[in-house]
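Visitor: I am new to this one. Show me the structure, and then I will ask about single residues.

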Amino acid sequence: MDGFIELDGVEKVFDVRRKAGFLRRERHRVRAVDGISFSVPRGGMVGYIGPNGAGKSTTIKMLTGILTPSGGRLRVAGIDPSRERTKLAHRIGVVFGQRTTLWWDLPLRDSYGLVRRMYRIPDGRYRANLDRCVELLDLGELLDVPVRQLSLGQRMRGDIAAALLHDPEVLYLDEPTIGLDVVSKAKVRQFLREINAERGTTVLLTTHDLTDIEQLCKRVMVIDHGRLVYDGGLSGLHATGGGERTLVVDLERELPPIEDAPGARTVKVAGPRQWLTFPADHSAAPIVAAVAERYPLVDLSIREPDIEDVIAKMYAERGV
Amino acid sequence: MADRFPVAAGLRGYALVVAMWVRSTMAYRASFAMTTIGNFAASGLDFVAILLMFSHIDALGGFSLAEVALLYGATSCSLGLADLTLGSMDRIGRRVRDGTFDTLLVRPVPVLAQVAADRFALRRLGRIGQGALVLGWGVAHVDVAWTLPKGLFTVVMVVSGAAIFASVFIAGAAFQFWATEAAEVQNSFTYGGSTLLQYPPTVFATELVRGVTFVVPLAFVNWLPALRLLGRDNPLGLPGWVDFCGPFVALLMLTGAGLLWRVGLRSYRSTGS
Ligand SMILES: Nc1ncnc2c1ncn2[C@@H]1O[C@H](COP(=O)(O)OP(=O)(O)OP(=O)(O)O)[C@@H](O)[C@H]1O
Ligand SMILES: [Mg+2]
């Protein structure tokens with residue numbers, strides 16, 4: 001295999017002790033990651049999604065060296081993360097949406113200065129990278145504010161900038177858009193797209209906002225109960241998840257539900273408007289042709305399956 | 001480069017973080033002055049108590065005021081140095097509990113250095129300052145014919161003492177990987193231990209002195225070397241060479257604490273969120 005990020009049967013088992021009465025403790029094992037294999041090429045931009053507790057954060061923690069895998073093989077840029085954590089640190093950037101990697105009591109500017117020295121970033125590069133982040137993430141007015149006074153969205157942008165000052169080859173983002181408003185989300189997405197396109201930074205991101213995935217990632221991996229249940233393109237996810245497309249037709253007048261369109265089913269009628277669904281991997285052409293031939297058609301549109309529905313269905317089928 | 005030498009990388013990282021905290025402290029000079037004076041005064045209260053005692057008595061356990069001042073100054077300086085360099089390490093328990101420890105692990109600097117330098121508090125110079133004053137006064141007034149070797153011995157005593165306290169700070173921090181509340185125990189050994197060492201060993205029960213010599217060897221911080229300086233007998237009747245073992249004990253304890261830290265770090269398992 002020649003991926004930049006390589007996982008081969010990676011596992012993480014947590015031994016959890018629970019109080020079970022006075023002094024007695026119960027031990028049990030949580031298989032947070034249960035034999036995951038995938039490979040991400042250099043420059044890839046991959047979404048890593050799954051329901052709560054699926055094992056996404058645990059995977060990222062192993063990829064950064066925070067946690068040591070209980071089994072399997074793991075390489076990032078040829079480095080075993082938990083063994084050579086500090087060496088790997090120079091080559092990766094990490095953003096935890098849930099907590100900051102910045103210094104709570106310091107202004108952003110001081111945090112960045114410390115990052116510069118820690119990573120030994122050459123002056124020119126530092127200045128160029130910082131200027132760019134400040135411009136694209138709109139940090140100008142925030143540089144002298146202590147991190148603890150920043151709002152969640154402001155802090156997140158500050159964190160993303162901090163993770164990129166040293167030109168990492170890989171960027172891990174664990175829920176980078178959590179709690180952001182629409183404008184901030186758009187900014188962050190645009191920024192990530194540019195970093196990925198211009199620098200060739202490999203990006204792996206987890207999120208519960210599927211719009212992130214739709215707008216950023218051609219490839220998506222779905223994890224559930226510590227296992228990879230899907231790895232492929234977004235469109236394939238539709239087919240796998242049994243997604244359906246919807247044909248919305250406006251007729252000249254109110255008519256009984258259309259029943260003779262091949263492969264389609266009418267699911268809703270409201271006045272002259274009717275909704276017909278059909279499998280996402282079928283062509284719409286024969287259905288449209290049939291309807292246009294037999295009914296007084298005024299207008300029509302086709303709706304792609306809603307990815308959130310697809311995912312929800314997928315999770316539900318697996319009994320989450 | 002330096003990353004091939006963990007110690008060098010650690011010291012460099014430590015210096016970077018410390019420099020940043022010092023810069024940010026110095027941005028508020030008035031507040032720095034106030035808190036340092038506060039630290040000076042608070043840690044000096046112990047000596048005021050000793051002074052009050054000596055206004056009623058001439059000797060404590062057979063020790064004169066100047067001799068007690070020497071003991072007091074030595075341990076205060078040692079603890080002050082350790083406290084200044086590593087005193088914020090006891091925050092690590094909280095970091096382990098709330099998961100923010102994760103964020104230290106993704107940076108290219110050894111974690112021990114980051115934890116040690118975290119929130120470096122320059123105001124702790126206050127404790128060192130008052131310890132040094134009392135030590136100086138004690139040195140000037142004890143009945144010792146000072147020579148260069150004796151002076152050097154005193155310096156070595158303070159530095160080894162600081163290293164011994166430092167190892168307790170590190171060991172205390174390491175235990176917090178398993179018991180996030182371990183800071184209390186560590187504090188009782190460092191701050192509590194130092195309070196004990198401010199008084200002559202002769203005022204305590206032999207069992208206690210024995211414990212402080214063999215179990216948690218704090219006696220090497222100041223008791224044993226200072227008794228030698230003052231030309232007094234070892235309270236446990238140990239052979240004379242033991243009084244010179246401070247640096248070795250310090251080295252041993254630092255090594256042990258370092259190993260404990262590594263084991264603790266390896267057992268770190270982050271949190272679920
Ligand atoms: N440090 C830990 N100790 C014990 N159990 C843990 C630990 N970290 C995670 N777990 C467990 O492992 C499983 C996976 O957790 P993880 O944080 O990886 O989920 P996630 O996919 O990131 O979920 P979310 O979407 O809620 O962030 C959960 O069942 C969790 O309880
Ligand atoms: Mg998570």
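Visitor: Where is A:Asp167?
Guide: A:Asp167 sits in chain A, in the loop between α5 (152-164) and β6 (170-174). Helices (H or I, at least four residues) and strands (E, at least two) are DSSP runs, numbered from the N terminus. This is a predicted model, in which local features need pLDDT of at least 70 and side-chain atom pairs count only at pLDDT 80 or more, while totals for chains, interfaces and linings use all residues. Residues are numbered from 1 along each chain as its sequence is written, chains are lettered from A and ligands numbered from 1 in the order in which they are written, and side-chain values use heavy atoms, with hydrogens and water left out.

Visitor: What is the phi of A:Asp167?
Guide: About 50°, a positive value, although A:Asp167 is not a glycine. Most residues other than glycine have a negative phi.

Visitor: Is A:Asp167 buried, partly exposed or exposed?
Guide: Partly exposed, because its relative accessible area is 26%. Buried means under 20% relative accessible area, exposed over 50%, and partly exposed in between (1.4 Å probe, protein chains only).

Visitor: Which side chain does A:Asp167 meet in a salt bridge?
Guide: That of A:Arg199, at 3.1 Å from N to O. A salt bridge is a side-chain nitrogen of Lys or Arg within 4 Å of a carboxyl oxygen of Asp or Glu. A:Arg199 is in helix α6 (residues 182-199) of chain A and A:Asp167 is in the α5 to β6 loop, so the pair ties together parts 32 residues apart in sequence. A:Arg199 also counts as partly exposed, because its relative accessibility is 31%.

Visitor: What about A:Ala77, what is its phi?
Guide: Near 55°, which is again positive in a residue other than glycine. A:Ala77 lies in the loop between β4 (71-76) and α2 (85-89) of chain A. A:Ala77 is buried, because its relative accessible area is 19%.

Visitor: Which residue forms a salt bridge with A:Lys61?
Guide: B:Asp102, with the closest N and O atoms 3.6 Å apart. This pair crosses between chains, from helix α5 (residues 101-105) of chain B to helix α1 of chain A. Both B:Asp102 and A:Lys61 are buried.

Visitor: And in chain B, which side chain meets B:Asp118?
Guide: B:Arg95, in a salt bridge of 3.4 Å, N to O. B:Asp118 is in the loop between α6 (111-117) and α7 (125-141) of chain B and B:Arg95 in helix α4 (residues 92-98), so parts 23 residues apart in sequence are tied together. B:Asp118 and B:Arg95 are both buried.

Visitor: Which residues do salt bridges that share partners join into one network?
Guide: A:Glu11, A:Arg31, A:Asp34 and A:Arg227.

Visitor: Which side chain has an N or O atom 2.7 Å from an oxygen atom of ligand 1?
Guide: A:Ser57. A polar side-chain atom of A:Asn52 is 2.9 Å from a ligand oxygen, and for the side chain of A:Glu175 the value is 3.3 Å.

Visitor: How much of ligand 1 does the protein cover?
Guide: 79% of the 630 Å² of accessible area that ligand 1 has on its own. Accessible areas come from the Shrake-Rupley method with a 1.4 Å probe; for residues, only the protein chains shown count as cover.

Visitor: Last one. Where is B:Gly231?
Guide: In chain B, in the loop between α11 (223-229) and α12 (246-266). B:Gly231 is exposed, because its relative accessible area is 66%.

Definitions and conventions: Polar contact = N/O pair within 3.5 Å; in protein donor to acceptor, adjacent residues only side chain to side chain.
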